[in-house]
Amino acid sequence: MATHVAGTPWTRIRVFPALAPPFLFRRHFRRNYSVRASIDSDGPVRVRFAPSPTGNLHVGGARTALFNYLFARSKGGKFVLRIEDTDLERSTRESEEAVLRDLAWLGLDWDEGPGVGGDYGPYRQSERNSLYKQFAEKLLESGHVYRCFCSNEELEKMKEIAELKKLPPVYSGKWATATDEEVQEELAKGIPYTYRFRAPKEGSLKINDLIRGEVSWKLDTLGDFVVMRSNGQPVYNFCVTVDDATMAISHVIRAEEHLPNTLRQALIYRALGFPMPFFAHVSLILAPDRSKLSKRHGATSVGQFREMGYLPQAMVNYLALLGWGDGTENEFFTIEQLVEKFSIGRVNKSSAVFDSTKLRWMNGQHLRALPFGELTKLIGERWKSSGLLSVSEGPFVDEAVELLKDGIDLVTDSDTALSNLLSYPVHATLSSPEGRPVVEDKLSEVSASLLAAYDSGELLGALEEGHAGWQKWVKGFGKTLKRKGKSLFMPLRVLLTGKLHGPDMGSSVILIYKAGNDGVVAPQVGFVTLRERLEILRQLDWEALNRDQPALESAASISN
């Protein structure tokens, strides 16, 4: 068995058996062969993420970038960013800048690429055309590619004939055996031509994918494929192969939709004598209905999630778990922990389902794991910018964040949480089916006693003392009414907050009292102060409320 060994200081390739010279494929090509790559244990790991700047960074692309980043960092290697902008009509610099911004936001800093430079640049395909032409000419000289002068009409005719014969739509090979005279004659006429790669016509090719295991393709359906278009622009598979090889990429970790491209790329690697990298194809991210994740399922781009208030560390954590796990029940990881634990061998070949509910939950976990000062700064600035508060920091902000944080999964949730605290929907609560039992439990008597405590200054004095004063007052208030537990706290909650449920009642009431005194709440918010709440209670006609609750309408007008 013939063995071909080619390499650089960083990798080595073995092909079993060697491909025959290009013009001898039909006679000598073995029916099956495999391509394997092995890396010197001392050689550097180099991976790349190569997005096309034709739109926003999709979560699938972000996960691919993340897996490349984690693999490189876990191996002490290099993470390269390359921009694949050969689609000149759709590629824009604005999209490129958006992709770079999203990657930077996620914390996936690249070692080489746009804005950073490196020894293997340029890092935009549009700036590497001369390199592609150089290697295309090399393939032409070696006979691995040939000029094809077929017109579009001829190619369409070939497809039609193949369809009629129920055969794969492969190129017929019309110009594969043309003589030099025939080629020169077409060149003299100025006929446009493409460069076609001479593909094997039988047998199969196998690779060992690091995620999917052994993958094989039959070669009889491939046909001679184009590597350079008639306008001089290189085709995707040719660009990628030349780029990965000349940038010394050791591992190609990419989405499974690129798996079919590996066949053509492997043949180009071999023809140019390039070392073959390892391949690892990551499965797709699916929507909950098991279809491919798309815009119809909601937010799908990193930029959208950033604007919705998600934290980059939460996005990174969640994306890592879409197809990977460390073998334990743990789901909470910092990026440093991910680097420490990541292994390509633990990436699952099954498709992962994107669960926005779990992402939201995970964001809440990361939000509450922030240092308290960072959390209050984040939420305080949000409250001020959204017009809820006139300040972004201070005692009120600190206490409000401490009270409300367990109900906040996104920074934007903090608006609702604070608005709920400041609101006083007592009329809606008392008229609701859930509120009826509280009303019937002599709520009017509790209200009268509460108003008496307010009028005497007893309640306000207790609130001035903070939590200790509140607890002492509540205990005495309960003894006076001969109530305790739920029969005491539920009526107080309804009367003071206007709600049946919520965060700690004592902390809530103290904050409502402070907000009324400090003037930190913006005027337009519609905040109902503690004094205004008690005046609403004073106006309630409890007898009418117990009959048919018409008094609630007048109470509502006061609260508004």
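**Close-ups of a predicted model**

**View 1. Here's the second largest pocket of this predicted model.** It is lined by 16 residues, and those nearest its centre are Lys 159, Pro 169, Val 170, Tyr 171 and Arg 196. Two elements give two or more residues each to this lining: helix H5 (152-164) and strand E10 (225-228). H5 gives the most, with five residues. Sort the lining by type and you get eight nonpolar, three polar and five charged residues. The space inside comes to about 350 Å³.

**View 2. Now for the largest pocket, with a volume of about 1,200 Å³.** Its lining takes in 43 residues, and Ser 52, Asn 56, His 58, Gly 61 and Glu 257 sit nearest the centre. Strand E4 (46-49), helices H2 (59-74), H3 (93-106) and H9 (302-307), and strand E11 (251-255) each give two or more residues to it. The largest share, five residues, comes from H2. By type, the lining splits into 13 nonpolar, 17 polar and 13 charged residues.

**View 3. This one shows strands E8 (residues 204-209) and E9 (residues 213-218) running antiparallel.** Six bridges join the two strands, and a hairpin of three residues links E8 to E9.

**View 4. Last up is helix H21 (residues 486-497), which is mostly covered.** Nine of its 12 residues are buried, among them Leu 488, Met 490 and Arg 493. At 1.5 Å a residue, H21 should span 16 Å, and its end C-alpha atoms are 15 Å apart, so the two values agree.

Conventions. Residues numbered from 1 in each chain as written. Predicted model: local features only at pLDDT ≥ 70, side-chain atom pairs only at ≥ 80, totals over all residues. Heavy atoms only, no water. Pairing = 2+ DSSP bridges. Helix = DSSP H or I, 4+ residues; strand = E, 2+ residues; numbered from the N terminus. Expected span 1.5 Å × (residues − 1). Buried < 20%, exposed > 50% of the residue type's maximum accessible area, 1.4 Å probe, protein only. 1 Å grid on protein atoms, 1.4 Å probe; cavity = no way out; pocket = protein on both sides within 12 Å on 5 of 7 lines; lining within 4 Å. Points joined across faces, edges and corners; volume = space filled by probe spheres on them. Nonpolar A, V, L, I, M, F, W, Y, C, P; charged D, E, K, R; others polar.
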